[in-house]
Amino acid sequence: MKNGFIKTAIFTFASAILYKLSKKSMQLRKANKEIYMPSKEFFVDSNINGKKMVFLGSSITHGLASKGKSFVDFLNVEHGVNTIKEAVSGTTLAGEEESSYVSRMKNNLNTDENIDLFACQLSTNDQRKKKPIGKISDSYDLEDFDINTTIGAIEYIIEYVQKNWDCPTVFYTCLRKPDPGYELLRNKLFELQKKWHFAIIDVWNNKEIKKMNHNNPYFMADDAHPTCAGYRYGWTPLFVKNLDQMFAL
């Protein structure tokens, strides 16, 4: 009798988990349907039409949980931005690996192109892959930045962009579950802003997006990665608003 009760309890628990997983899977499929994908039918005239922008990042910039479509693709299709999406999932700002932000910026982006804006994701992978955060340098010279640290890589990217494209730089933070490591890095980014005077689109601290995601759980595949619906209704309007204001000046 006791064994039968235990088996029933285990079966009930397992069934509940499977139901939850199945329900979430259905919601994610719905959130990535064609109706949420970028469409020229929703084209909008604004100050960012025709601007050439680079977006350097990892899975959130790529659109890992949204069939490879992210806010960058919405900017391209629906807002006429000439986008260069240099995004590889799981990569870090810091490091000399071919996949790191710094290496891909140097190897994959043409310095002879005229760029109107350079945007860079504040990676959520550096702490997870145990990259040292580093310290803010007193220098402004490329050779003095330690690209094997996250802060050193950020400073290298900023100076490299200024030196080669002489265009505005924007860093954007990402949504995360409570994460002291990422919160520390975000705080350091604001300290770096005082030195380098770049813009920040602070998705991490955006109350409207957090409220929207709370009311619409299918906008997020997990704590960090939006679905296509999440990019359409949350991320894209935020970027359009900030970028449009920059080019209205």
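Among contacts between residues at least 6 apart in sequence, what percentage join residues at least 24 apart in the protein chain? The figure is 74%. Keep that in mind while browsing the close-ups below, and remember that this is a predicted model.

**Figure 1. The whole chain, before zooming in.** Start with the parts list: the protein chain has eight helices and five strands. Reading from the N terminus, the elements go α-β-α-α-β-α-β-α-β-α-β-α-α. The chain has 249 residues, and 47% of them count as buried.

**Figure 2. Helix 3 meets helix 8.** Here we look at helix 3, residues 71-79, and helix 8, residues 228-248. Their axes come within 9 Å and cross at roughly 70°, so the two helices are roughly perpendicular to each other. The crossing is right-handed. On the helix 3 side, the residues in contact are Phe-71, Phe-74, Leu-75, Glu-78 and His-79. Across from them, helix 8 brings in Cys-228, Tyr-231, Arg-232, Trp-235, Thr-236, Phe-239, Val-240 and Leu-243. Sorted by class, this contact has nine nonpolar, two polar and two charged residues.

**Figure 3. Phe-239, a buried residue of helix 8.** Let's stay with helix 8, where Phe-239 is found. Is Phe-239 buried or exposed? Phe-239 counts as buried, because its relative accessibility is 1%, against a cut-off of 20%. Setting aside neighbours within four places in sequence, Phe-239 is in contact with Phe-71, Tyr-172, Ile-201, Val-203 and Asp-244.

**Figure 4. Helix 5 packs with helix 6.** Now for another pair: helix 5 (residues 150-164) and helix 6 (residues 180-196). What describes two packed helices? The angle between their axes and the distance between the axes. For helix 5 and helix 6, the angle is about 35° and the axes are 11 Å apart. This crossing is right-handed. Helix 5 contributes Thr-150, Ile-151, Ile-154, Glu-155, Ile-158, Glu-159 and Gln-162 to the contact, while helix 6 contributes Leu-185, Lys-188, Leu-189, Leu-192, Lys-195 and Trp-196. By class, that makes seven nonpolar, two polar and four charged residues.

**Figure 5. Arg-186, a buried residue in helix 6.** Arg-186 belongs to helix 6. With a relative accessibility of 10%, Arg-186 counts as buried. Which residues does Arg-186 contact, leaving aside its neighbours within four places in sequence? They are Leu-122, Thr-173, Asp-202, Trp-204 and Asn-205. Look at Leu-122 in particular: Leu-122 and Arg-186 are 64 residues apart along the chain, and their C-alpha atoms are separated by 7.7 Å.

**Figure 6. Lys-52 and its partner Glu-113.** Move to strand 1 (residues 52-57), where Lys-52 is found. Lys-52 counts as buried too, at 19% relative accessibility. Its side chain makes a polar contact with the side chain of Glu-113, at 2.7 Å. Not counting residues up to four places away in sequence, Lys-52 touches Asn-82, Ile-84, Glu-113, Asn-114, Ile-115, Asp-116 and Leu-117.

**Figure 7. Asn-206, a buried loop residue.** Asn-206 lies in the loop between strand 5 (199-201) and helix 7 (207-215). Although it is a loop residue, Asn-206 counts as buried, with 17% relative accessibility. Where does its side chain reach? A polar atom of the Asn-206 side chain lies 2.9 Å from the backbone nitrogen of Ile-209.

Figure 8. Most residues other than glycine have a negative phi. Lys-130 has a phi near 60°, which is positive, and Asp-166 has one near 50°, positive as well. Where do they sit? Lys-130 is in the loop between strand 3 (117-121) and helix 5, and Asp-166 is in the loop between helix 5 and strand 4 (169-172). At 72% relative accessibility, Lys-130 counts as exposed. Asp-166 counts as exposed at 68%.

Terms used
Residues are numbered from 1 along each chain as its sequence is written. This is a predicted model: local features need pLDDT of at least 70, side-chain atom pairs count only at pLDDT 80 or more; totals for chains, interfaces and linings use all residues. Side-chain values use heavy atoms; hydrogens and water are left out. Axes are lines fitted to C-alpha atoms, for helices over the stretch in contact, and angles run from 0 to 180 degrees between N-to-C directions. Helices (H or I, at least four residues) and strands (E, at least two) are DSSP runs, numbered from the N terminus. Angles under 35 degrees count as roughly parallel, over 145 as roughly antiparallel, 65 to 115 as roughly perpendicular and the rest as oblique. A crossing is left-handed if the near helix is turned anticlockwise from the far one by less than a right angle, and right-handed if clockwise. Contact means heavy atoms within 4.5 Å. Ala, Val, Leu, Ile, Met, Phe, Trp, Tyr, Cys and Pro count as nonpolar, Asp, Glu, Lys and Arg as charged, and the others, Gly among them, as polar. Buried means under 20% relative accessible area, exposed over 50%, partly exposed in between (1.4 Å probe, protein chains only). A polar contact is a pair of N or O atoms within 3.5 Å; within protein, one must be able to donate a hydrogen and the other to accept it, and residues adjacent in sequence count only if both atoms are side-chain atoms.
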